[in-house]
Amino acid sequence: MNYEKLIETAIAEGAKKAVVIPAAQIVTSERFRDDCASNVCGNYGRCWMCPPDTGDIKELIKTVRSFPRGMLYQTIFELEDSFDIEGMGESATLHAKISRKIETALKPMLPKGYLHLINGGCRFCETCAKQEDKPCVSPENALASLESYGIDVYNTTKDTDLKYINGQNTVTFFSMILLPEEDDV
Ligand code: SF4
């Protein structure tokens, strides 16, 4: 797999920066399930791609641990000020759109069995069908949250070129594409 090409393509499609890191650098913790259950973001139990519907966190961390490496990428957006909640929501939706563009562009280069996860959950539909107790309307576009898989993004970025915080009045979002060995597929 040409990792440089993956990174270049992610940046061409809207990521600010991207790196490919080995599994040992991906930090996970079961404590994220408690964080999700506290429902600070309001998505707990309200999106098919967020907990508890994504499944048991121990099993999901095992899944993450089955990949030898991942491509971590970030987007950065300007906010009016640190109270710009509307801007944060719009930026999160834009990040999700960019993530899908990146996946579309990368798909021909990716091995089968990759797993694409994004900050904060799916955001493909304005309102997730889960809230009307209906099945997911677009499973091919549904992206689960990094947090639901127990990925500690803050600690994962520490030894990379990707900064977790990128200046006053900005918001930064992350996604990761977990990459299987090509021989595994
Ligand atoms: S695609 Fe729509 S219905 Fe399916 S998980 Fe995402 S937001 Fe929910």
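This is a predicted model: local features need pLDDT of at least 70, side-chain atom pairs count only at pLDDT 80 or more; totals for chains, interfaces and linings use all residues.
How many of the residues of strand β5 are buried? In β5, which is mostly covered, 9 of its 10 residues are buried, a residue being called buried if 20 or more other C-beta atoms lie within 10 Å of its own, exposed if 12 or fewer do, and partly exposed in between, with C-beta atoms placed from the backbone. Residues are numbered from 1 along each chain as its sequence is written.

**View 1. The sheet is open and is built from 5 strands in the order β1-β2-β5-β3-β4.** Strands (E, at least two residues) and helices (H or I, at least four residues) are DSSP runs numbered from the N terminus, and two strands pair if DSSP finds at least two bridges between them. The pairing in this sheet is mixed. Its edge strands, each of which pairs on one side only, are β1 (17–22) and β4 (144–145). Strand β1 runs antiparallel to β2 (residues 69–78), to which 6 bridges join it, and within this sheet V20 stands opposite M71 in β2. Helix α1 (residues 3–12) packs on the sheet and touches β1 and β2, and its direction makes about 150° with that of β1; here two residues are in contact if their C-beta atoms, placed from the backbone, lie within 7 Å, and axes are lines fitted to C-alpha atoms, for helices over the stretch in contact, with angles running from 0 to 180 degrees between N-to-C directions. Helix α4 (residues 85–106) also packs on the sheet, where it touches β2, β3 (115–118) and β5 (170–179), and its direction makes about 30° with that of β5.

**View 2. Strand β5 is joined by bridges to β2 and to β3.**

**View 3. The largest nonpolar core holds 40 residues, of which M71, L117, L146 and M176 touch the most other members.** Such a core is a set of buried Ala, Val, Leu, Ile, Met, Phe, Trp, Tyr and Cys residues joined through C-beta atoms within 7 Å. At least two residues of this core come from each of α1, α2 (31–37), α3 (57–65), β2, α4, β3 and β5, and the largest share, 7 residues, is supplied by β5. Leaving aside neighbours within four places in sequence, M71 is in contact with L6, A10, A18, V20, M176, I177 and L179. L146 touches L117, I118, N119, I151, V153, F174 and M176, when residues up to four places away in sequence are not counted.

**View 4. Around the ligand lie 14 residues, of which C122, F124, C125, C128 and C136 come nearest.** A residue is near a molecule if its C-beta atom, placed from the backbone, lies within 6 Å of it. The shell divides into 11 nonpolar, 2 polar and 1 charged, where Ala, Val, Leu, Ile, Met, Phe, Trp, Tyr, Cys and Pro count as nonpolar, Asp, Glu, Lys and Arg as charged, and the others, Gly among them, as polar.

**View 5. Backbone geometry is shown at R123, at N169 and at the bond between P51 and P52.** Most residues other than glycine have a negative phi, and most peptide bonds are trans. R123, although not a glycine, has a positive phi of about 60°; it is found in the loop between β3 and β4 and counts as buried because it has 23 C-beta neighbours inside 10 Å. N169, in the loop between α5 (153–157) and β5, has a positive phi near 55° and counts as exposed, with 12 C-beta neighbours inside 10 Å. A cis peptide bond with omega of about 0° joins P51 and P52, and P52 has its place in the loop between α2 and α3.
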